[in-house]
Amino acid sequence: MKTIIGALGVSLLATCALAEGALHKVAIHVNQNDPAVLNMALNNVQNLNAYYMAQGDNVEIELVAYGPGLSMFVPGKSPVADRVSTMGLEMENLKFSACGNTLAKMSAKAGTEIALMDEAHVVPSGVVRLVELQQQGYAYVRP
């Protein structure tokens, strides 16, 4: 009897997992301050999200910016600030990560602390974050 109940439980869990759809994880790398590249990265985010949602799947996306790419999160300097804000509000499955090393160097060079958009979450190192994400099974995309 325990075997039958156990088998039914496993079957039910498998059915629930299939009903929810597959989970895809994607890391997007941005290290250029080129409006075309920044927009392409955000287009990639929107296209990935739309595709997987239409398939009935789930997707977690993390956009990691460092070096010159960190400018995408600097208010008043970002050519994509409006898109970042809008996408941050609309997509709960999207995370924006900003390199702490780059931020510290930018702040030192400016002689003052550089503020980032509220959507950006500071990580110690952008490069390390990309490695961590890949080790966690994230697919890597660089526009």
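How many of the 143 residues of the protein count as buried, as a percentage? The share is 37%, where buried means under 20% relative accessible area, exposed means over 50%, and partly exposed lies in between (1.4 Å probe, protein chains only).

Before we look around, a word on the source. This is a predicted model, in which local features need pLDDT of at least 70 and side-chain atom pairs count only at pLDDT 80 or more, while totals for chains, interfaces and linings use all residues. Residues are numbered from 1 along each chain as its sequence is written, and side-chain values use heavy atoms, with hydrogens and water left out.

**The overall plan**

The protein has five helices and five strands. Both kinds of element are DSSP runs numbered from the N terminus (helices are H or I with at least four residues, strands are E with at least two). Now consider contacts, meaning heavy atoms within 4.5 Å. Among contacts in the protein with a separation of 6 or more, 76% join residues 24 or more positions apart.

**Two helices side by side**

Find helix α2 (residues 35-54) and helix α3 (residues 81-90): they pack at an angle of about 20 degrees, and their axes are 11 Å apart. Here axes are lines fitted to C-alpha atoms, for helices over the stretch in contact, and angles run from 0 to 180 degrees between N-to-C directions. The two helices α2 and α3 are therefore roughly parallel to each other; that label covers angles under 35 degrees, while over 145 is roughly antiparallel, 65 to 115 roughly perpendicular and the rest oblique.

Which residues meet here? From α2 come Asn39, Leu42, Asn43, Val45 and Gln46, and from α3 come Arg83, Val84 and Met87. The residues of this contact of α2 with α3 divide into four nonpolar, three polar and one charged. In this scheme Ala, Val, Leu, Ile, Met, Phe, Trp, Tyr, Cys and Pro count as nonpolar, Asp, Glu, Lys and Arg as charged, and the others, Gly among them, as polar.

Helix α3 also holds Gly88, which is partly exposed with a relative accessible area of 30%. Leaving aside neighbours within four places in sequence, Gly88 is in contact with Phe96 and Glu119. The C-alpha atoms of Gly88 and Ala120 are 9.1 Å apart, although 32 residues separate them along the chain.

Side chains of opposite charge can pair when their charged atoms come close. A search of the whole structure finds two salt bridges, each a side-chain nitrogen of Lys or Arg within 4 Å of a carboxyl oxygen of Asp or Glu.

| Salt bridge | N to O distance |
|---|---|
| Glu62 and Arg129 | 2.8 Å |
| Arg129 and Glu132 | 3.3 Å |

Glu62 lies in strand β2 (residues 58-65) and Arg129 in helix α5 (residues 126-135), so their pair ties together parts that are 67 residues apart in sequence. Arg129 and Glu132 both lie in helix α5, three residues apart, about one turn of the helix.

Glu132 is partly exposed, with a relative accessible area of 32%. Not counting residues up to four places away in sequence, Arg129 touches Glu62, Val64, Lys95, Val123 and Gln136.
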